[in-house]
Amino acid sequence: MTATTFTNITNEQRQANREYQRRQHRRKFVEKILVTLLTLVIVVVFVFPIFYWARLSITPYKYVFTIPPRFDFPATTTAWWNVVMGQKSYSDVMLEQVGGNTGVGGAGTSGYDIRPRIVNSVSIAGLSTLVVMIVATFTAYALSRFDMRFKQNIVFFVLSTRFMPGVAVVLPLYLMYREIGLYDTRFGLILAHVVINLPIAVLLLKSFFDDVPRDLDDAAMVDGCTRFGAFWRIIVRYVAPGLAAAAVLCFIFSWNEFLFSLYLTRTPELQTVPVTIRTYDASAGTTEWGLMSAAGTAAVIPVFIFVLFVQRYLIRGLTLGAVRG
Amino acid sequence: MANRIAAQSELSLKGNQKRRHFWSSENPVFWLAPAVVFLFLYSIFPLLFNLYRSLYEFSSSKKVWVFVELRNWIKLFTDDSRFINALGITLQYVAIALVVELLLGLLIALLLDSKPWASGLMQTLIILPMVTAPAVAGLMFRLLEHSEFGVLSILAYSTGILIKDEPLMGGTGKYALVSVLIVDIWQWTPFFILIILAGLKGMPLEVLEAAEVDGANWFQRLTRIKIPLLFGVITVAILFRLVDLFKVFDYIAIMTAGGPALRSESVSYYSFVNTFAQVKWGYGATIGVVIMAMAWLSAWVYQKVFHLKW
């Protein structure tokens with residue numbers, strides 16, 4: 001049947017068909033170019049602020065505020081990085097850059113050195129992530145595996161803490177911390193970051209545990225494991241990638257956190273990177289754009305590198321496991 | 001084989017009898033207790049504290065809490081135009097940001113889904129705004145929106161969208177809210193893009209192909225098939241943005257400090273001004289209760305209406 005229809009096709013028809021397919025191909029090709037260009041423009045718009053900010057950090061003062069604005073890299077320097085990295089004093093760099101006394105002076109090398117704050121931020125984010133992961137893994141496993149009363153209520157309770165408005169929490173926490181002596185301590189801030197990240201980690205990990213079939217637990221327990229043994233020896237190993245992703249996300253959230261870090265610490269030594277960058281603003285009556293951009297770039301680059309590894313899980317993390325990207 | 005059956009029946013017997021010892025790892029209490037204690041600190045405690053302290057006011061001169069009955073509440077609801085202003089601004093902010101981010105996100109996600117070259121790389125790049133620290137993002141845009149040197153401002157002046165007397169930031173504050181909204185849209189449109197993209201990727205291809213064969217054009221396929229199928233992921237995205245938008249604080253603190261003339265002051269920022277700048281802790285706690293109630297209620301109602309499950 002098909003053979004007869006095939007032989008009935010004339011050469012002209014074949015030609016026309018080929019022509020049609022070629023045209024379709026070309027249309028698809030043009031379409032693809034247009035779509036790519038359009039998307040590229042959009043991506044450029046989204047990346048531009050970051051690019052401009054990073055550019056500012058390696059551009060001498062006199063090329064920063066020009067009209068019309070420039071986007072190239074004239075006379076690339078590491079001047080601001082020298083200050084932020086504690087290699088040179090701020091007043092030296094200002095002399096170099098502006099070529100005269102700016103009247104700002106004053107601030108020495110240590111005032112703008114970001115490195116101790118990075119160490120501080122890493123320790124706070126790292127320790128809080130560690131605690132979050134330990135607590136959240138147990139909770140997530142229980143919420144995923146046990147059939148218990150009020151389970152939905154507990155899940156919603158965890159979810160609702162994710163929705164807590166920070167400003168409404170920070171005042172009670174601040175006053176309580178002052179009472180019990182946790183105010184302006186690293187431990188206090190770590191604790192605050194733990195509770196901020198806990199609901200995210202719990203529900204995200206629950207979604208990872210839900211992906212592991214329950215039969216695995218049952219099999220382990222039939223073979224003589226206790227519930228804890230099944231959890232620790234078998235199931236945790238299966239969700240290891242999920243654990244890693246959740247840990248990286250918690251680290252990023254803690255690293256970026258602003259409100260609690262701002263209000264639960266006072267001494268500069270305990271301030272995290274985002275809070276420190278804000279102090280460069282109007283620190284000596286002027287806005288230190290160069291320094292802010294250098295420090296800001298230093299704050300976002302590690303996050304950009306980290307996020308490459310957890311890209312796949314980012315949406316899942318931000319929606320607490322509701323949408324699996 | 002027989003062994004296994006025996007083991008299984010034993011297991012199910014155990015399950016049926018529900019004979020659990022309290023001190024066993026089968027008891028969920030031990031698994032849940034640490035997290036619940038931590039979360040208590042973050043939700044129930046602040047709520048109770050705020051409720052309790054809303055009946056007091058802190059006297060910063062005498063350093064004592066003074067009982068003021070319901071005066072804080074009465075003031076908040078009857079005699080505080082600044083709160084009403086902040087509430088209006090917050091609602092405006094939430095509505096505009098949500099609509100713009102959703103529409104932009106949908107459009108860009110559809111673009112990225114139509115398979116341009118290097119779509120993977122582009123997706124990675126589009127994630128970057130989302131993971132930038134909000135404080136740093138605020139500073140980035142304060143530079144871009146600088147009334148003299150900002151790239152965005154200069155662009156707006158040269159295209160005639162804005163005039164120099166009425167800049168994005170500063171001036172009389174006509175565009176103060178817009179200047180903050182721009183950062184929010186820049187940072188969180190990618191959230192919608194990625195979430196909708198995830199939805200588009202999980203879409204059943206047969207349905208779309210069937211529609212194409214049946215002669216549905218691009219627009220019909222979008223409105224009749226894709227958007228209805230995306231409904232689930234979009235509701236989740238809106239839920240998370242909704243509650244986060246209600247508590248907008250970082251951008252306002254970094255960029256405008258609520259000004260000029262309170263034209264960009266959100267409820268969160270107003271509560272913060274009360275508690276930390278003016279040391280009216282009792283009044284700040286009162287506003288805190290209201291914000292919590294707003295966030296919880298909106299999340300709860302939303303979750304009920306759209307039957308979200310976790």
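**View 1. Confidence across the model and along chain B.** The predicted model scores ipTM 0.87 and pTM 0.88. Chain B has a mean pLDDT of 85. In chain B, 94% of the residues reach 70 or more. One stretch, residues 12–17 of chain B, has pLDDT below 50. Beyond near neighbours in sequence, residues 12–17 of chain B make zero contacts in the model. Where pLDDT is low, the predicted coordinates should not be read in detail.

**View 2. The two assigned domains of chain A.** Domain 1 of chain A covers residues 2–57, and domain 2 of chain A covers 114–318. Taken over C-alpha atoms, the centres of these two domains are 43 Å apart. How many residues of each domain are in contact with the other? Four residues of domain 1 of chain A meet six residues of domain 2 of chain A. The side of domain 1 of chain A that touches domain 2 of chain A has three nonpolar residues and one polar residue. That side has no charged residues.

View 3. Strand S1 of chain B spans residues 56–59, and strand S2 of chain B spans residues 64–67. S1(B) and S2(B) pair in the antiparallel sense, over four bridges. Tyr56(B) stands opposite Phe67(B), which lies in S2(B). Between the strands of this hairpin are four residues. Lys63(B) takes a positive phi near 60° in the hairpin.

**View 4. The contact between chain A and chain B.** Chain B brings 75 residues to the contact, and chain A brings 79 residues. What classes of residue make up the side of chain B that touches chain A? On that side, 61 residues are nonpolar, 11 are polar and three are charged.

**View 5. Helix H8 of chain A against helix H3 of chain B.** By class, the contact of H8(A) with H3(B) has seven nonpolar residues and one polar residue.

Technical notes:
Residues numbered from 1 in each chain as written. Chains lettered and ligands numbered in written order. Predicted model: local features only at pLDDT ≥ 70, side-chain atom pairs only at ≥ 80, totals over all residues. pLDDT = per-residue confidence, 0-100. Contact = placed C-beta atoms within 7 Å. Domains from an automatic or database assignment. Nonpolar A, V, L, I, M, F, W, Y, C, P; charged D, E, K, R; others polar. Pairing = 2+ DSSP bridges. Helix = DSSP H or I, 4+ residues; strand = E, 2+ residues; numbered from the N terminus.
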